[in-house]
Amino acid sequence: MELAAFRALEPLCWRSPSAHNTQPWRLDHRPGAIRVGWDQAYTLPAADPSGRDLRLSLGAFVETCLVVAADAGLGMEFVADHCVAERRVGWLRASPHRYDTPFNAAQVLTRRTHRGRFSAGPDAEVVAAADAVARASGGTVRAVPDAGLLARLLRVADRQTYADPAVVGELRSWLRLTPAHPHYHADGLTDRCLGLSGREATALRVALAAYPALRRLGLSRLLAAASGNPLALGGAALVLVGPPGTDDATQVEFGRVLARTWLTLHAAGLAAHPLSQLVDAPDTRETLGALLGVAPERLLHVARVGRPVGPAAPSARRVGGVGQGLR
């Protein structure tokens with residue numbers, strides 16, 4: 001009964017976050033269980049060659065499903081069963097007990113990624129609460145102590161990102177910089193959720209269209225410079241660190257931890273702005289790991305966190321092939 005009733009809740013579960021808002025997860029209802037897997041067409045092989053962001057997003061989706069089901073009074077549990085060959089991370093099954101969570105569906109619906117200005121960063125109590133969430137699963141949340149170094153690392157990571165034609169091409173395919181884009185209300189990164197003005201969105205479209213011809217003339221450096229320094233918009237950088245020996249299955253589990261961390265921040269009136277390029281670029285990942293005193297492979301996610309000055313535009317969602325953008 002619970003699994004059948006869960007179908008009506010699935011559109012809300014798609015409010016879960018994913019890199020570039022690709023929404024790669026897929027649910028397949030089977031007798032007695034729901035298979036949680038992914039569609040390879042909605043992954044980022046250039047920007048996320050290791051699959052770390054994919055596994056984090058799948059784990060975050062699992063956690064979102066459990067929170068939404070619990071809020072509706074449905075008993076459900078997740079059984080991990082990660083298999084790359086079958087593009088599966090596990091199964092949602094009926095349970096005699098509701099998932100024990102302090103969060104609810106309203107928080108899932110209203111949580112936002114915020115790329116704008118923050119009036120303040122997280123206080124020590126909120127950082128400790130986020131850290132407690134991670135420590136319960138063997139990880140930790142660390143604040144980056146050197147904002148100046150982090151800003152320099154961001155510049156390096158942005159230059160490396162824009163220097164890779166495959167990564168830029170992939171980014172371009174997921175940008176929705178005008179409402180005329182056919183997938184504007186379905187997925188990807190819109191001008192609204194990126195906080196771009198009409199002029200800025202047009203300039204970015206033109207620059208990316210010219211990238212193949214102008215890359216060797218230094219366009220990658222110009223694009224990196226145009227990205228600016230998001231740390232100048234306020235907040236503090238928090239890093240989610242996995243346990244020693246973190247493997248693929250652990251990354252899926254820490255996607256669940258990431259979702260709980262973000263909901264913890266949201267409940268405190270804060271928001272997060274992912275800075276994944278810091279752990280995507282090998283050089284900056286190594287330097288950041290040394291700064292925090294942890295092995296670089298344990299660095300799973302970096303985000304700028306703070307109290308938003310104003311509301312952020314909701315990102316679009318695609319459910320069953322139908323755009324579900326919230327307006």
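I looked up strand E11 (residues 299-308) and found it mostly covered, with 8 of its 10 residues buried. Buried means under 20% relative accessible area, exposed means over 50%, and partly exposed lies in between (1.4 Å probe, protein chains only). Helices (H or I, at least four residues) and strands (E, at least two) are DSSP runs, numbered from the N terminus.

I note that this is a predicted model, where local features need pLDDT of at least 70, side-chain atom pairs count only at pLDDT 80 or more, and totals for chains, interfaces and linings use all residues. Residues are numbered from 1 along each chain as its sequence is written, and side-chain values use heavy atoms, with hydrogens and water left out.

**Partners of E11**

Two strands pair if DSSP finds at least two bridges between them. I found E9 (residues 236-241) joined to E11 by 6 bridges, running antiparallel; Val-239 has Val-302 in E11 as its bridge partner. E10 (residues 271-274) is also antiparallel to E11, with 4 bridges, and here Ala-272 is partnered with Val-305. For E5 (residues 118-120) I noted 2 bridges to E11, again antiparallel, with Arg-307 as the partner of Ala-120.

**Helix H10**

I checked H10 (residues 248-267), which has 20 residues and reaches 29 Å from its first C-alpha to its last, close to the expected 28 Å. The expected span is 1.5 Å times one less than the number of residues. Of its 20 residues, 15 are buried, so H10 is largely enclosed by the rest of the structure. Gly-269 follows H10 and has a positive phi, near 85°.

**Second largest pocket**

I read its volume as about 200 Å³. Of the 15 lining residues, the closest to its centre are Trp-38, Gln-40, Gly-51, Leu-54 and Arg-55. A pocket is an open set of points on a 1 Å grid over the protein atoms alone, where a 1.4 Å probe fits, with protein on both sides within 12 Å along at least five of seven lines; lining residues have an atom within 4 Å of a point. Volume is the space filled by probe spheres set on the points, which are joined across faces, edges and corners. Helix H3 (residues 52-71) gives the largest share of the lining, 3 residues.

**Cysteines**

How many disulfides are there in the whole structure? My search found 0, a disulfide being a pair of cysteine sulfur atoms within 2.5 Å. The sulfur of Cys-83 is 20 Å from the closest cysteine sulfur, in Cys-65, too far for a bond. Cys-193 counts as buried, at 9% relative accessibility.
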